[in-house]
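Student: I have a new structure to read. Can you take me through it step by step?
Tutor: Gladly. Open it up and we will start with the strands.

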Amino acid sequence: DVRMAELDTARALVVSAKATVEAASDKLSYTYLKSPYDGVVVEKFVEQYEDVQAKQKIVRVLDTSRIEFTVQVPETLMANVDIVSRAGAYVFFDAYPNFKVPATIKEIGKEASKTTRTYPITLIMDQPEEFKILPGMAGKAKGNDEAASKIAEAEGLEGFLIPVTATFSEDGEKTYVWVVDPTTNTVSKRAVEVITLTENGSLVSGLEQNEVIATAGANMLIEGQQIRVLE
């Protein structure tokens with residue numbers, strides 16, 4: 001009986017020792033920090049050999065393969081966010097103003113800022129091929145042409161969205177465009193009405209579906225002039 005009791009005690013000690021080893025192995029694994037994705041360390045909160053506590057911040061890592069971009073949208077424009085969410089948007093960065101980066105809406109803020117009364121909208125985009133977006137870069141976001149057309153339609157504005165450079169004025173009152181005859185490549189002046197101006201161009205009435213207009217050099221053309229259409 002004594003020997004059996006000693007055997008049970010020894011077995012219990014072995015089980016306890018194994019549990020201690022497993023706990024020590026777990027704690028040892030916690031001394032290694034593994035990032036869940038490839039990224040860049042942008043900030044360190046502790047120095048080497050410092051004592052740290054559980055759940056304490058050590059480093060901040062950014063995933064630079066996809067970029068998030070936050071814009072503040074006034075409450076008067078929040079009705080258009082769903083349209084832009086379906087159609088898509090572009091982001092223009094101040095450092096590279098000639099490049100537009102396609103983006104989609106990732107998150108829509110549910111509460112307005114108490115100071116600015118604007119809602120935060122978070123866009124997300126892939127890194128472009130032309131340049132590398134760095135964390136903290138500033139820029140501006142726009143809905144694409146499809147979104148602009150749908151917004152105009154939702155607001156009851158019917159017309160065609162054309163570049164601002166396609167319009168010109170001779171008398172300071174009326175606005176004109178040059179309509180191109182596809183058979184002769186000659187231009188003729190057509191009066192149009194500017195319904196509204198958007199960041200993507202002018203929404204005008206007075207044109208027909210599938211008509212071709214000149215979008216460059218509008219102030220230099222004359223009636224009946226033959227032009228060359230660039231492919």
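Tutor: Begin with a term. Two strands pair if DSSP finds at least two bridges between them. Keep in mind that this is a predicted model.

Student: How many residues join β4 to β5 in the hairpin?
Tutor: The hairpin between β4 and β5 passes through 2 residues. These strands pair in the antiparallel sense, over 4 bridges.

Student: Let me step back. How many helices and strands does the protein chain have?
Tutor: The protein chain has 3 helices and 12 strands. Its length is 231 residues, and 26% of them are buried.

Student: What share of the contacts joins residues at least 24 apart?
Tutor: Count contacts in the protein chain between residues at least 6 apart in sequence. Of these, 58% join residues at least 24 apart.

Student: Back to pairing. Which strands does β6 pair with, and in what sense?
Tutor: Take β3 and β6. They run antiparallel, and 9 bridges join them. One example is Val71, whose bridge partner in β6 is Ile121. β5 also pairs with β6 in the antiparallel sense, over 4 bridges. There, Thr104 stands opposite Ile124. Glu107 has a bridge partner in β6 too, namely Thr122.

Student: Is β6 mostly covered or mostly open?
Tutor: Mostly covered. Of the 9 residues in β6, 7 are buried.

Student: Thr122 lies in that strand. Why does Thr122 count as buried?
Tutor: The cut-off decides. Buried means under 20% relative accessible area. Thr122 counts as buried because its relative accessibility is 12%.

Student: Which residues does Thr122 touch?
Tutor: Leave out residues up to four places away in sequence. Thr122 then touches Glu68, Phe69, Thr70, Thr104, Ile105, Lys106 and Glu107.

Student: And Leu123? What is Leu123 in contact with?
Tutor: Again, set aside neighbours within four places in sequence. The contacts of Leu123 include Ile67, Phe69, Val91, Ala103, Ile105 and Ala141. Glu68, Thr104 and Lys106 are in contact with Leu123 as well.

Student: Now the nonpolar core. How do I read that?
Tutor: Think of buried nonpolar residues joined through side-chain atoms within 4.5 Å. Here, the largest nonpolar core has 20 residues. Those with the most contacts inside it are Phe69, Val91, Phe93, Ile121, Leu123 and Met125.

Student: How many bridges join β9 to β12?
Tutor: There are 2 bridges between β9 and β12 (residues 212-213), and the two strands run antiparallel. In β12, Ile213 is the bridge partner of Val179.

How values were computed
Residues are numbered from 1 along each chain as its sequence is written. This is a predicted model: local features need pLDDT of at least 70, side-chain atom pairs count only at pLDDT 80 or more; totals for chains, interfaces and linings use all residues. Side-chain values use heavy atoms; hydrogens and water are left out. Buried means under 20% relative accessible area, exposed over 50%, partly exposed in between (1.4 Å probe, protein chains only). Contact means heavy atoms within 4.5 Å.
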